[in-house]
Amino acid sequence: MRLRPGTWLRKRYDPVARRDLAARLLAPAPRLWSAGMLLVVLGICVATSLRANWGSDNAFVVKAAETLLAGGSPYEDKRFLYLPSAVVMAVPEALLPRPVLRWVLPLVMSGLLAVGWWAALRLFSVPARSRFAVGGFAVLALAFRPYVNLVLIGNWTAVSAAALPVALLLAHRRSWTAAGLVVGLAIACKPMLVPIGLLFVLARRWRGLAAAVLVPLVVSLLGALVMPSPTLFFTKTLPFLLRGQDAYALPWDASPIAVLPRLGVPQPVAVLVAGAGALAGLWAARRRWRREDDRDGGELRLAETACMVMLAAFLVSRPSFDHYLLVVLPLLLASGVRAGSAVRSGWFWLGMFPQVAGVPWPSELERKRRAFKDCFTLCVWAGTLVRRCSRPARVNLEGVRTAGTLPGPGTERTAEPAEAGSRPAF
């Protein structure tokens, strides 16, 4: 007998069917899945190593370390925009032969992204060998274009993409000082996670905040002592960075401050729009942290607050590139196992669409105007998370006896807090 549409829809949204789907996704992945995932990652690494423009971003850091070893100042190059601590950490790379670095660098980038994915999964108690974990990473590598871009250029954003989930995992396990050390080491490599200091302030974890500040400060001071003219960082590099660099970075800068003027919006208006979005994001992050009504142990609270802070910073940072999205994406995807998470919203996937590999976009959007797509993704994700973080807590009254009614079989007499619009797990 042919099923009517109503019957099919009831089966499609049946809570039992959804639990069965969750059970299948969280079940151990077959070995063939693991082998396929490994082949996908290695294939991307090999293809990257064979390209002529591999490691283009990493080359600036390596050049800075080589300049230091030769007795010069790394900040003579205006393209080197990191702290003095990054020069010290890049010295091992500068000592490697170029053919070795060509094959090692893509593997390191992929490994760091894999560490971030693993930590995000463990934060939400997802088995690392599950189908969701193995298949999810393979799909991320194949379908999300910034992944391939990050592996290709070798940008140190990969360090932050690994450090943020690891730090949140440690913080959830009450090791806030260790979390601060991880964040501090990531800032010493690239000061991308500086906004996460707000999370330590909201949590009142001052030792962790001190660790996040002191680690890059001490390493930077040591680096400044061994390099000539370290003050060039303040007189040359920092002003260049605050101006949003120059026309070289503009085609890839996804910040609304850079994109809106290219669409005809006056620069002051663009700054106001981006600033308002960032302030809304910080307000939503504070509101989300103060709402302790989750029933999952607080993992979602940690992840959404941290992601909201980072997305708010990306709205006003100059520049803001597509691979910055990888800092928050593993956490957002892993949070999908929790009811009511932002990743379950259709708006999140609408923002994801411009980043899907294989979509035949016009050539102008693939080259000099690619930042339009990246800005769209950034703004949609930020708006989706603002809506999620600012949502008020509600009380689930299902099964609670009201005045004048008699309790029925299985009726509970106590109210239970629940998120608005929450659904069965996964």
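Student: Which residues does Asp322 touch, not counting residues up to four places away in sequence?

Tutor: Asp322 touches Pro146, Asn149, Arg370 and Asp374, where contact means heavy atoms within 4.5 Å. This is a predicted model, in which local features need pLDDT of at least 70, side-chain atom pairs count only at pLDDT 80 or more, and totals for chains, interfaces and linings use all residues. Residues are numbered from 1 along each chain as its sequence is written, and side-chain values use heavy atoms, with hydrogens and water left out.

Student: What makes the pairing of Asp322 with Asn149 a polar contact?

Tutor: The two side chains approach to 3.0 Å. A polar contact is a pair of N or O atoms within 3.5 Å; within protein, one must be able to donate a hydrogen and the other to accept it, and residues adjacent in sequence count only if both atoms are side-chain atoms. The distance of 3.0 Å therefore meets the cut-off.

Student: Why is Asp322 called buried?

Tutor: Its relative accessible area is 5%. Buried means under 20%, exposed over 50%, and partly exposed in between (1.4 Å probe, protein chains only). Asp322 is therefore buried, although it lies in the loop between helix 16 (299–316) and helix 17 (329–334). Over the whole chain of 426 residues, 48% count as buried.

Student: What is the peptide bond between Arg318 and Pro319?

Tutor: It is a cis bond, with omega about -5 degrees. Pro319 is found in the loop between helix 16 and helix 17. Most peptide bonds are trans.

Student: Why does Arg174 count as exposed?

Tutor: The relative accessibility of Arg174 is 62%, and therefore it counts as exposed. Arg174 lies in the loop between helix 9 and helix 10. It has a positive phi of about 70 degrees although it is not a glycine. Most residues other than glycine have a negative phi.

Student: Why is Ser229 called partly exposed?

Tutor: Ser229 has a relative accessible area of 41%, and that value therefore places it in the partly exposed class. Ser229 is found in the loop between helix 12 and helix 13 (232–242). Its phi is near 55 degrees, a positive value in a residue other than glycine.

Student: How many helices does the chain have?

Tutor: The chain has 20 helices, together with two strands. Helices (H or I, at least four residues) and strands (E, at least two) are DSSP runs, numbered from the N terminus.

Student: Why are helix 6 and helix 9 called roughly parallel?

Tutor: The axes of helix 6 (residues 98–123) and helix 9 (residues 157–172) come within 8 Å and cross at roughly 25 degrees. Axes are lines fitted to C-alpha atoms, for helices over the stretch in contact, and angles run from 0 to 180 degrees between N-to-C directions. Angles under 35 degrees count as roughly parallel, over 145 as roughly antiparallel, 65 to 115 as roughly perpendicular and the rest as oblique. Helix 6 and helix 9 are therefore roughly parallel.

Student: Is the crossing of helix 6 and helix 9 left-handed or right-handed?

Tutor: Helix 6 passes helix 9 in a left-handed crossing. A crossing is left-handed if the near helix is turned anticlockwise from the far one by less than a right angle, and right-handed if clockwise. The contact includes Leu112 and Trp118 of helix 6 and Pro165 and His172 of helix 9. By class, its residues divide into 16 nonpolar, two polar and one charged. Ala, Val, Leu, Ile, Met, Phe, Trp, Tyr, Cys and Pro count as nonpolar, Asp, Glu, Lys and Arg as charged, and the others, Gly among them, as polar.

Student: What makes Leu112 partly exposed?

Tutor: Its relative accessibility is 23%, and Leu112 therefore counts as partly exposed. Leaving aside its neighbours within four places in sequence, Leu112 is in contact with Ala158, Val159 and Ala162.

Student: What makes helix 10 roughly parallel to helix 12?

Tutor: Helix 10 (residues 176–189) and helix 12 (residues 206–225) pack at an angle of about 25 degrees, with their axes 7 Å apart. Helix 10 is therefore roughly parallel to helix 12. Their crossing is right-handed. Among the residues that make the contact are Trp176 and Gly180 of helix 10 and Arg207 and Pro216 of helix 12.

Student: At what angle do helix 15 and helix 20 pack?

Tutor: Helix 15 (residues 267–290) and helix 20 (residues 370–389) pack at about 35 degrees, with axes 8 Å apart. The crossing is left-handed.
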